[in-house]
Amino acid sequence: MPSEATPQRALKRARILPQWVSTTALLLPAYGWLTLAVFLPLLTMFLFSFMDKTPMGKAPIEFTLRHYRAFIDQPYLVKIAANTLLMGLWTTLTCAVLGFLAALALVRCTSGGRRETLLILILLPFWTNGLVRVFSWTMVLRENGFLDNLWHWIAPTAGSIAILYSREAIVIGLVHGYLPYMILTCYIALVTIDDSIIEAAQSLGARWWVILTKILIPLAAPGLISGAVLTFVPVIGSFMEPRILGGKVGVTMGTVIEDQFTQAFNWPLGASLSFTLLAVTMAIFATFSGVLRRGTGGTA
């Protein structure tokens, strides 16, 4: 009897605390860290964006909205923003095509240890320093680099195919960095598709392109859209790849914002441009969240 009563008393003592207390205790470390590492810096930058000058020294600070009129007062920013969005679209589209095909090959053509090995190889870019990855592409794409020398070996009389310091080089570097996002999201979506659906379509005489366009792509649409968002959002804010691989043509919103903080020392303008870019990002999330919900509902 005492051994049975002891667990009952322990359960009664455990029920004394409300459920919200234990939930709060579990969530507090994570949300506390997010507050210190994310929300407070964002709030500080948000305040900076309304200041008339960088808050250094003893000069009085006034608050203004003029930095949010930068796209009106400085029209060249509109062209830079358009080029940045176009670069993001090209990168996302390339990642979508390559990532979907790679994920499809993983799901349909591999299994067991071979599939796990290929997934590890796909994740390798995440384990290397981003700066090393970008500089390695300069060795490949520059004049007399690896690609150029290989081309001259194949066609000795042909001209150079070096594309370093071009928008194509920027897209290549960005695709290399963000392609794993697309592969993983497409892989997760494709691996959940029941094989019996494809077998039924094959038994009814459906060709491979019909299966691809009518079954696989629609059912994997949530993964494609998730990968597109995860790729497009950081790409339009990137500055390392455009600066190193693009040279003079690598002026994007990311490089402009970086210059405002590191060279022009105009923190309010850099902060306002950052929050403008953040607003575009939030609009993208808001747009595609509804598509994702509809896609998930349709799949179910």
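Start with helix H9 (residues 195–203) and helix H10 (residues 208–219), whose axes come within 11 Å and cross at roughly 165°. Here helices are DSSP runs of H or I with at least four residues, numbered from the N terminus, and axes are lines fitted to C-alpha atoms over the stretch in contact, with angles from 0 to 180 degrees between N-to-C directions. The crossing angle makes H9 roughly antiparallel to H10; angles over 145 degrees count as roughly antiparallel, under 35 as roughly parallel, 65 to 115 as roughly perpendicular and the rest as oblique. H9 contributes Ile 197, Ile 198, Ala 201 and Gln 202 to the contact, and H10 contributes Ile 211, Ile 215, Leu 216 and Leu 219. Contact means heavy atoms within 4.5 Å. Seven of these residues are nonpolar, one is polar and none is charged. In this sorting, Ala, Val, Leu, Ile, Met, Phe, Trp, Tyr, Cys and Pro are nonpolar, Asp, Glu, Lys and Arg are charged, and the others, Gly among them, are polar.

A word on the model: it is predicted, so local features need pLDDT of at least 70 and side-chain atom pairs pLDDT 80 or more, while totals for chains, interfaces and linings use all residues. Residues are numbered from 1 along each chain as its sequence is written, and side-chain values use heavy atoms, leaving out hydrogens and water.

Next comes helix H6 (residues 130–141), which has two partners to visit. The axes of H6 and helix H7 (residues 146–154) come within 4 Å and cross at roughly 25°, which means that H6 is roughly parallel to H7. Met 139, Val 140 and Leu 141 of H6 meet Phe 146, Leu 147 and Asp 148 of H7. This contact holds five nonpolar residues, no polar ones and one charged.

How does H6 pack against helix H8 (residues 167–191), and at what angle? The angle is about 135°, with the axes 10 Å apart, so H6 is oblique to H8. On the H6 side are Arg 133, Trp 137 and Leu 141, and they meet Ala 169, Ile 172, Gly 173, His 176 and Gly 177 of H8. By class, four residues here are nonpolar, three polar and one charged.

Notes
Helix = DSSP H or I, 4+ residues; strand = E, 2+ residues; numbered from the N terminus.
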